[in-house]
Amino acid sequence: METGEKYIIYIGTNDKVTYSQLISTDEARDIVNRICAKYVGGYTASDAQGGWVDETDTLTQENTLVYMFYDISEEQLFQIMDEVLDQLNQNSILVERQKAVYTYYSGEK
């Protein structure tokens, strides 16, 4: 087993100006997948639903893309997030960092 950092990022799909989803979740996922592939050798992706209260005290709900990474640097993570912010027209991305114990299991030897 190895000890290292696990990063999870949560990416909303609503446009930061209109607060509505202008591109499909599938298209957003394809964009983020291509960006991730430029910077890292692997990731795990899933879909979620998110909600937040905006500056007008209005509850906004949106489809959310969740990406998990092991074995990457913060520099790689920031490169991914900078491109995603621009490509999906987002204000921010939630980042979670955890200490993790993990291994890439290939069967008994």
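1. Basis. The model is predicted, so local features need pLDDT of at least 70 and side-chain atom pairs count only at pLDDT 80 or more, while totals for chains, interfaces and linings use all residues. Residues are numbered from 1 along each chain as its sequence is written, and side-chain values use heavy atoms, with hydrogens and water left out.

2. Fold. The protein has 2 helices and 4 strands, in the order β-α-β-β-α-β from the N terminus. Helices (H or I, at least four residues) and strands (E, at least two) are DSSP runs, numbered from the N terminus. Along the principal axes, the C-alpha atoms fill a box of roughly 55 × 25 × 25 Å. Of the 109 residues, 32% are buried; buried means under 20% relative accessible area, exposed over 50%, and partly exposed in between (1.4 Å probe, protein chains only).

3. Salt bridges at Glu5. The structure holds 6 salt bridges, each being a side-chain nitrogen of Lys or Arg within 4 Å of a carboxyl oxygen of Asp or Glu. One of them joins the side chains of Glu5 and Arg97 at 3.4 Å, N to O. Because Glu5 lies in strand S1 (residues 2-12) and Arg97 in strand S4 (residues 94-102), this pair ties together parts that are 92 residues apart in sequence. Glu5 also meets Lys99 in a salt bridge, at 2.7 Å, N to O. Here too the link runs from S1 to S4, so parts 94 residues apart in sequence are tied together. Glu5 is partly exposed at 22% relative accessibility, whereas Arg97 is exposed at 53% and Lys99 is exposed at 67%.

4. The side chains of Asp47 and Arg29 form a salt bridge at 2.6 Å, N to O. Asp47 is in strand S2 (residues 44-53) and Arg29 in helix H1 (residues 25-39), so the pair ties together parts that are 18 residues apart in sequence. Asp47 is partly exposed, with a relative accessible area of 47%. Through shared partners, salt bridges join Glu5, Glu74, Arg97 and Lys99 into one network.

5. Largest pocket. Its volume is about 360 Å³. On a 1 Å grid over the protein atoms alone, a pocket is an open set of points where a 1.4 Å probe fits, with protein on both sides within 12 Å along at least five of seven lines; lining residues have an atom within 4 Å of a point. Grid points are joined across faces, edges and corners, and the volume is the space filled by probe spheres set on the points. Of the 19 lining residues, Gly12, Trp52, Glu62, Gln90 and Ser92 are the closest to the centre of the largest pocket.

6. Lining. S1, S2 and strand S3 (59-70) each supply at least two residues of the lining of the largest pocket, and S2 gives the most, with 5 residues. The lining divides into 7 nonpolar, 9 polar and 3 charged residues. In this count Ala, Val, Leu, Ile, Met, Phe, Trp, Tyr, Cys and Pro are nonpolar, Asp, Glu, Lys and Arg are charged, and the others, Gly among them, are polar.

7. Glu62. This residue is found in strand S3. Glu62 is buried yet has no salt bridge, and the nearest side chain of opposite charge, Lys16, is 13 Å away. For charge, Lys and Arg count as positive and Asp and Glu as negative; His and the chain ends are not counted. The side chain of Glu62 does reach the backbone nitrogen of Thr13, at 3.1 Å.

8. Gln90. This residue lies in the loop between helix H2 (74-87) and S4, and is buried at a relative accessible area of 8%. A polar atom of the Gln90 side chain lies 3.2 Å from the backbone oxygen of Leu88.

9. Positive phi. Most residues other than glycine have a negative phi. Tyr19, in the loop between S1 and H1, has a positive phi of about 60° and is partly exposed, with a relative accessible area of 27%. Asn89, in the loop between H2 and S4, has a positive phi near 55°. At 26% relative accessibility, Asn89 is partly exposed.

Technical notes: Polar contact = N/O pair within 3.5 Å; in protein donor to acceptor, adjacent residues only side chain to side chain.
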